[in-house]
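The structure comes first, then the notes.

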Amino acid sequence: MLDELVFRTAPSTEKNLDELSVLQTREEERRLLELYDVAEAAAVLARELIAEGLSISEALSVISDGVSLGDYPIHSLALSESRERLSGYISLLAQADRAELSLLFVSECHRLGVSVSERELLRTCEGEETFIYMRNQFADEAYDVFSQEFDNPRVRYAQSFSECARAVAEGEVRFCLLPLEERGGTRLPTVSELVLRNDLKINAVSSVFGYDGAANLKYALLSRDFVIPEINDGDDAYLEIRLGSGGDNLSSTLNAASLFGMSVYRVDTVITDSEGESESYFTLVLRDGGEGFAPMLVFLALFVGDHSTQGYYKNLE
């Protein structure tokens, strides 16, 4: 008897949904054309601002002040029972529009000869290849890995993790090595607080295993700025973002990441105490889908006010 109780969608309903999908994609194509007009005008302005001496990040800040995609009204004849669901649907549409505009902006900039990549969008600088870390077998192992990417690395040792972070924040050395995660992938809260407080950027992450090969910790290479890694075939690239916990910062960023072909590597909620008051935020690590992080960085600059880029690195696994 139970074998006969099988649910199936009515063929007429499937047909109606397919017809509605065709109608919606026609309307969506109209939206894309309107978004293209916005992206083209923004890219032209960005080119002019860069010609005047601004960076692409500064140009995006100017553009973000004026970009508007309308109010997303619901049609006046909507059934009262449908309004709440239509509001949710239109909210998703607004998030998709912002992501599409970011993609179109990057494409238009490239067409106009304006370079928009991680190298232009992230704060970078040149400096001495100086390192500091609190010496132990795990840090020594991490240093052996990280220093291979440099021509003339020079190291000094610290007495504490806070000394390492302070030395980088004050410009005494360019890089520090800190333990980032313990076995199982749990971030170390004291180190996370040091990274946040000193606005350090994660430039590389490496697993370390110790003498017996059983430790499986992760160490991070940090500095005040980004060192853009060379991404080769077979490499996985990761972008780490801090997002304010208010509004739709997380959901809109996750939706944009999906449209950009990126996947989520990890999401954490972090609570910090500052002068007796607690503050919460999200850390989000995205894996590149093969097209780079420029669209995501543009999206964040234009539409997510409470954010900062915390890391750009490769090959976690």
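Strand E4 (201-208) gives the most to the lining of the largest pocket, with five residues. This is a predicted model, in which local features need pLDDT of at least 70 and side-chain atom pairs count only at pLDDT 80 or more, while totals for chains, interfaces and linings use all residues. Residues are numbered from 1 along each chain as its sequence is written, and side-chain values use heavy atoms, with hydrogens and water left out.

**Largest pocket**

- The largest pocket holds about 810 Å³ of space (a pocket is an open set of points on a 1 Å grid over the protein atoms alone, where a 1.4 Å probe fits, with protein on both sides within 12 Å along at least five of seven lines; the volume is the space filled by probe spheres set on the points).
- Its lining, meaning residues with an atom within 4 Å of a point, has 30 residues, and Glu149, Asn203, Val227, Pro229 and Lys314 lie nearest the centre.
- Besides E4, the elements that give two or more residues to this lining are helix H5 (137-146), strand E5 (217-223) and strand E9 (307-314) (helices are DSSP runs of H or I with at least four residues, strands are runs of E with at least two, numbered from the N terminus).
- By class, this lining has 14 nonpolar, seven polar and nine charged residues (Ala, Val, Leu, Ile, Met, Phe, Trp, Tyr, Cys and Pro count as nonpolar, Asp, Glu, Lys and Arg as charged, the others, Gly among them, as polar).

**Second largest pocket**

- About 440 Å³ of space lies in the second largest pocket.
- The second largest pocket is lined by 17 residues, with Gln24, Arg31, Tyr89, Ile90 and Leu93 nearest its centre.
- Helix H1 (11-51) and helix H3 (83-111) each supply at least two lining residues, and H1 has the largest share, six residues.
- Nine nonpolar, four polar and four charged residues make up the lining of the second largest pocket.

**Surface patch and leucines**

- Leu17, Leu20 and Leu23 form a nonpolar surface patch with about 290 Å² of accessible area together (patch residues have over 30% relative accessible area and no salt bridge, with nonpolar side chains joined within 5 Å; a salt bridge is a side-chain nitrogen of Lys or Arg within 4 Å of a carboxyl oxygen of Asp or Glu; areas come from the Shrake-Rupley method with a 1.4 Å probe).
- Leucine 17 is in helix H1 and counts as exposed because its relative accessibility is 51% (exposed is over 50%, buried under 20%, partly exposed in between).
- Leucine 250, in helix H8 (residues 249-259), counts as buried at 18% relative accessibility.
- Leucine 250 and valine 267 are 17 residues apart along the chain, and their C-alpha atoms are separated by 9.5 Å.

Conventions:
Patches are made of residues with over 30% relative accessible area and no salt bridge: like charges are joined within 9 Å, nonpolar side chains (Val, Leu, Ile, Met, Phe, Trp, Tyr) within 5 Å. Buried means under 20% relative accessible area, exposed over 50%, partly exposed in between (1.4 Å probe, protein chains only).
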